[in-house]
Amino acid sequence: MERPIILPLPQCTDLDLVGGKAVGLARLMAAGFSVPQGFCITTEAYAQYLHASGFIEDEEWHALSVLSGDERAAALADCRNRIRRIETSQLATQYLAALQALTQPPTERWAVRSSATNEDTTLTSFAGLYRTHLGTARSEIDAALKDLWASLWEERVLSYKVQQSNHTAPRMAVVIQPMVEAQSAGVAYSIHPVTGRSNQVMINAVPGLAAPLVDGTVAPDQYVVEMTDEGHPTRVRRRMHAHKAKQLLVSSSGLYTEPLDKETSDQSSLTDVQLFSLAQTAKRIERSFGQPMDLEWAFDTRQLWIVQARPITAIHPSSDLTNDDCEWSRTNFKETLPELPSLLSLSFLEQFMDAYILSHYRRLGCRIPDGLTSVRVLKGRPYLNVTLFHILVAQLRGDPSMNTEQMGGAPLQTLPRVQPLGGLAFVRAGWMMWAEMRRVQRHGPRVFEEMKALAETYRRDHILHLSVEELVPELDTLGPWLVGREVTFGIAGGVGQCLQIFSQCLPQWLGPDWRSLLNAALQGQGTVISAQQILRLAELTDIARDDAAVNAFLTSEPWNPSTFRVTLADSTFLRTFDRYIEDYGHRAVGESDVMSPRLADNPETILAILRAQLLSAAPSQDTIRSRQDKTRTAALDEIKRRIGWRLDRWAIFLWCYRRLCQFFALREANRHHLMYYSTAIRTLLLRLGELLVERRQLNQPDDIFFLTIDDRTDLLAGGTQDWKAMINARRTERERNATVDVPDTIHDWETASEQTVTSDQSEGNGILSGTPISIGTVAGSVRIIRSVTDWGKVMPGEILVVSVIDPGLAPLFGLAGGLIAEMGGTLSHGAIIAREYGLPTIANVAGAMTRLSDEMRVAMDAGSGTIRIEPFP
């Protein structure tokens, strides 16, 4: 049978006859995708017209393959010239008739594209090796056709074939279609072309025609669209808008360039609707072809057109998560670490999370995807992998959506696919978790006493006689000391278990305000050690109020707190104050960082709070206890009333309630005593720093905090690095990082440093909202707390606004009228303290630190989680 010279695109199914590009377009048409109508001048035409001119391609190709350098370049140029001189008038008559059959006007402009037999195939794409002619007039098609034939005879084509170990001469078919008058155009990859992530579609787009993008002369807008397993778009994960000074367009006169005005040049080339439509189409084409695809596309004023589809051959699709696929949050870390933690603490944090948190999940049978870590650092700030913890909770058949409520931060935008543990594995994990919780309940108090003893053992006056060689083994001993003693995981499990039961039962039993009732019922238990310090401060205020000499000292003007030990010597107040410092002086703001100064380092800060309480006639310890008891009792009575006669429900509630109170107390006792452990390490490190200064290995004692754990080992082992220069560089970097704002939540790590920090997310009309933590309604003036230096500005009754509820802020709670936190959840340490004390508190209030300002008046309803900004008088 005679092979055809010209075929309509829908009939282009023979790869050897029409080439890869035409076959791809025919498959798209057959599957119902929108492709401009057209036809293909087949490889049979190519072969017939070359042979008629005396050009035998196989012989020429073989001869070229044994040549090299200038000799081969000259031979290739001769081949191209011979092809361009071929007589094709008879062929022109045929393709002009085919053009006429497409019923396009005579002024129509055409796209003339290569479709070689080795192009756009499953095994090789040969992308970018051949030419395309756009905006071609009918009279120019003959020259374009011959140019495409000749483009097979380029050095890059020959070399690419040789690299593929293929020495057979390819043949060239040519596709001709009417031009799409593109408003925007570009390329799309049905999987991520770098990572292979199969749930991401990458799109590059420019205004007008895509030719400048394809040939690399214009930087495109770039988008990554997240997809479900079913191929539905969920969100635009990344959008990077390039500056586009001009666009290429087509008219009846041909191609022309049009400049873009300043506003348009920085706008997105595509709307989100178009992005979603294109991403969904890319996935549909992928399913139709049975493999990942690389597409060229164009939107005109009416619809989306696909003008090319070729297999992605160099990247293998992957569904495995990587760190870059995960979402990250500063929640939890930001609560107990300073804004810029020390390098030493960051290195310890990574080890701690793996050794004492992730290891427990592994032991329970959870699978942690290879390559995922729990911690990542951006501009000196640590972030928690919230995607990973969603996966771990879901594997244990918990409710991962509660992570946001309990820890704070933003909810996940993309939910990972999770396979829960099977029946027997789940039962085993449940038994092991129960055993861990029982271990914590039984052995926690003993562990806490051992931690407290460490701080006494390593008091500064106890270690001053130790040399470097004697100090280092002590530090090395403390490193693994927590093994077998760490109880954080079991405590978190106990709290989570109770809250999971409550979240499933109480909405039905109590109604929509169940959280407010539960929060009120948790007030004033008297067992949360971190909250007890507020009552201890109230006790000190009561003592000072009754002692004329102490009262006079604390309220004097001007006030000089530095003389307090001399002025108040032998007083009951000073003895009680020293006991308070003994019990709480190891606590601090940002206390999880060993670099952070402790309260005991600056006791005048606490005296300033006591002075403010005296001047304001703050409530007595008995008044506070009475208020707490009243609130708790009323809440429990209301809960019992709503549960009614269902004794089984009341029994379940009481069991969970008492258990939750116990584990809340354990949670804060654990943090309190871990800080003894931290203080012991801090004391040893500062003494080591002093000794290394004496040896002239460091410039100042706190340089020790700018070394990682491995750095310290290397330095003490005699490492020859210029440690002073390295530490100075790290200090400079820390100062630079301090000038940079970073987002609290990162949905796309690759562009995290480019994300804009959102400062105002109010609902409008002066209303902000967040997560209710501790009930109560209060109105008052705002006081922004950014550091300890702001403590002295706090006036009684003011509403404190903080970035997070750092548990080190607890001494201020007795002064405050309310508390608003930009980030935080119901289980944050500070939240537990505020709830126990009964301070009206709302957390996770986006933009609070910038939306609110000192002396602004606000009214907060901590039951509903709303804050109303009041007009200035």
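In this predicted model, 58 salt bridges are counted. Side chains of opposite charge can pair when their charged atoms come close.

Arg 82 and Glu 60 form a salt bridge, with 3.1 Å from N to O. Arg 82 belongs to helix H4 and Glu 60 to helix H3 (residues 57-65), so the pair ties together parts 22 residues apart in sequence. Arg 82 is partly exposed, at 24% relative accessibility.

A salt bridge also joins the side chains of Asp 513 and Arg 642, at 2.6 Å from N to O. This pair links distant parts of the chain, 129 residues apart. Asp 513 sits in the loop between helix H18 (488-510) and helix H19 (514-521), while Arg 642 lies in helix H25 (residues 621-643). Asp 513 is partly exposed at 31% relative accessibility. Arg 642 is partly exposed too, with a relative accessible area of 28%.

Arg 730 and Asp 711 meet in a salt bridge of 2.7 Å, N to O. Arg 730 is in helix H28 (residues 723-738) and Asp 711 in helix H27 (residues 709-716), 19 residues apart. Asp 711 is buried, with a relative accessible area of 14%. Elsewhere, salt bridges with shared partners join Glu 226, Arg 235, Arg 237, Arg 238, Glu 327 and Asp 748 into one network.

Helix H4 (residues 69-84) also holds Glu 71. Glu 71 is exposed, with a relative accessible area of 53%. Between Glu 71 and Val 393 the C-alpha to C-alpha separation is 67 Å, across 322 residues of sequence.

The whole structure contains 0 disulfides. For Cys 326, the nearest cysteine sulfur is that of Cys 366, 15 Å away. Cys 326 is buried, at 0% relative accessible area. Cys 79 is buried as well, at 2%.

Methods. Residues are numbered from 1 along each chain as its sequence is written. This is a predicted model: local features need pLDDT of at least 70, side-chain atom pairs count only at pLDDT 80 or more; totals for chains, interfaces and linings use all residues. Side-chain values use heavy atoms; hydrogens and water are left out. A disulfide is a pair of cysteine sulfur atoms within 2.5 Å. Buried means under 20% relative accessible area, exposed over 50%, partly exposed in between (1.4 Å probe, protein chains only). Helices (H or I, at least four residues) and strands (E, at least two) are DSSP runs, numbered from the N terminus. A salt bridge is a side-chain nitrogen of Lys or Arg within 4 Å of a carboxyl oxygen of Asp or Glu.
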